[in-house]
Amino acid sequence: KKPSDENESERSGQKECGNNKAKIQIQNKMYTSTIKNCPMRISFVLSSILFIPSAAEAFASSFAPVRSASSAIRPGQRSTNLNSLPTSLDTLTSGLASISRIQYGVTVSPNRVSLTGPAAFYLPKLKILYDVENSRACRSVRERITELDLAVDKVIPSAKNSRVMNGGLEGVEKPSIVPTLVAIVEGKEQKFQGEAQILGFLNEKFSNEKKLSKVKVVASSSNLESIDETESSVEIENAVTQIKEILSDLTKYLPGLLRPSRGMKVASTASFTLPNVPRPRKALIVYSYEGNQFCRLVREILTELDLPYELRSAGKGSFRREELSEVTGGSSQCPYLIDPNTGIRMPESKDIIQYLYDTYALWTPPSELLRLASDVVTPLLAPLYKLITPLQAGSYRENEFEYRSEIAEAKAEIFDEISTAPVVIYTFELSPFCTEATNLLDNIGVGYKKVSLGREWIPGLIANPAKRAALLEITGQSSLPNVFIGGTSIGGLYSGKPGIVPALEKGVFMDMVEDAKRSM
């Protein structure tokens with residue numbers, strides 16, 4: 001080979017070697033970068049996965065109630081986004097519950113005894129009904145009351161933790177069975193206990209329905225062939241009736257399944273164990289009928305707030321619809337509430353429910369869905385939250401001193417913030433738990449200082465990950481809201497030491513706030 005060719009080959013080899021070295025250096029840099037950023041990448045992936053519950057909560061908030069302008073709200077209160085006020089989801093499930101029992105408790109029976117004729121004076125009077133809204137047996141009784149177009153002087157909510165079941169309703173005897181009906185029959189008070197006994201009494205006194213078999217046999221007694229045909233017809237009718245009764249018994253369970261936990265017990269916001277729960281002196285008056293989905297929502301709250309009420313049934317075909325039209329000035333829409341204690345008269349289930357909370361409860365409780373999420377989902381994810389929080393703040397960095405300096409600075413800011421107000425709450429703007437917490441504080445009239453750490457805790461939405469990591473080190477809690485009273489963390493909405501709602505339920509929250517105010 002020529003010397004020039006050898007030189008050219010050598011230069012080519014050096015060039016290729018240089019290119020390979022450059023590639024190796026680039027690959028090493030990429031590898032190093034990948035190793036260094038691995039915690040951050042893991043953090044992002046975990047954040048994305050763990051954001052699913054938050055996304056679900058945000059979706060749930062789309063069912064938030066829209067309060068009309070006519071709602072009666074005390075000064076300082078405002079509506080919550082996902083609290084126990086009816087939402088579109090409540091309306092849907094209550095509607096499905098009504099559909100499952102569409103043949104019952106909607107229309108007044110044509111075979112009822114007239115309550116407006118001359119014999120009405122001699123009919124029994126329904127004095128007291130001990131009732132639980134979401135009880136299957138109680139529902140059957142109320143359905144028949146609607147169909148027979150009856151009124152009850154006083155319906156007394158009788159959940160296990162109600163006042164009447166714990167000796168806290170003065171002058172009213174505790175029932176041994178729910179439902180129990182107390183009626184005035186021929187001037188004397190009589191008691192009927194249990195579904196079967198009550199329905200038997202109502203059908204005997206207020207219904208003209210007779211057994212089809214007896215009527216047809218008597219009418220055909222003069223002709224043996226006619227008797228045979230009648231008996232055959234009666235057998236068919238009885239078989240059909242039995243099938244209908246079986247189906248009816250099955251559908252009795254559906255409303256309770258569609259509205260689980262609602263109208264079953266007294267809410268903590270109206271518990272007899274708490275002091276100063278406002279109580280009405282006179283029973284409320286409610287125009288309602290059993291099969292109406294909006295009436296159900298109101299009756300659930302009456303049970304949950306332990307409020308006795310006079311029931312005026314106004315099903316389809318009821319004479320009380322004309323009475324209601326006169327009361328309202330033209331509308332016969334149910335439900336309709338009259339409160340003789342305040343003079344308030346109002347339609348619309350959402351407005352009625354908001355009024356009941358505002359007037360006869362210590363606070364408007366947050367959504368049961370959030371409580372379920374707090375009790376079930378949060379404990380499962382808490383370890384992952386604690387793992388990801390320092391990673392988001394940069395604990396993976398080689399320069400640990402830099403990370404610790406940022407955390408120390410964030411801690412100093414926190415200690416300064418919680419020392420400047422009796423109540424301080426750290427929040428995320430998009431978190432339903434945080435929104436409910438601040439709205440609950442507004443609802444009970446407690447002032448607070450709000451410190452936002454961004455919109456949510458996933459990358460790109462969190463504004464101050466170092467402060468969140470600092471809160472974790474100070475309180476052991478990385479989830480928000482994180483509420484401080486008098487410089488001490490009590491936790492979040494439902495969880496913590498003890499959390500806002502548990503503190504309210506124990507009757508200690510306001511005392512803690514007052515103590516913090518005195519010490520500031």
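## Exercises on salt bridges and a sheet

Arg262 has a relative accessible area of 12% and is therefore buried (buried is under 20%, exposed over 50%, partly exposed in between, with a 1.4 Å probe and protein chains only). The model is predicted, so that local features need pLDDT of at least 70 and side-chain atom pairs pLDDT 80 or more, while totals for chains, interfaces and linings use all residues. Residues are numbered from 1 along each chain as its sequence is written, and side-chain values use heavy atoms, leaving out hydrogens and water.

**Exercise 1.** Determine which residue Arg262 meets in a salt bridge, and where the two partners lie.

*Solution.* Step 1: a salt bridge requires a side-chain nitrogen of Lys or Arg within 4 Å of a carboxyl oxygen of Asp or Glu. Step 2: Glu304 belongs to helix α8 and Arg262 to the loop between α7 (254–258) and β5, so the pair links distant parts of the chain, 42 residues apart (helices are DSSP runs of H or I of at least four residues, strands runs of E of at least two, numbered from the N terminus). Step 3: Glu304 counts as buried because its relative accessibility is 7%.

**Exercise 2.** Describe the salt bridge between Glu290 and Arg142.

*Solution.* Step 1: the side chains of Glu290 and Arg142 meet at 2.7 Å, N to O. Step 2: Glu290 sits in the loop between β5 (284–288) and α8 (293–304), and Arg142 in helix α3 (residues 136–147), 148 residues away. Step 3: both residues are buried.

**Exercise 3.** Give the strand order of the open sheet and identify its edges.

*Solution.* Step 1: the eight strands follow the order β4-β3-β1-β2-β6-β5-β7-β8, with mixed pairing (two strands pair if DSSP finds at least two bridges between them). Step 2: β4 (188–193) and β8 (344–346) each have a single partner strand, so one side of each lacks a neighbour in the sheet. Step 3: strand β3 (residues 180–185) runs antiparallel to β4, joined by six bridges. Within this pair, Ala183 stands opposite Gln190 of β4.
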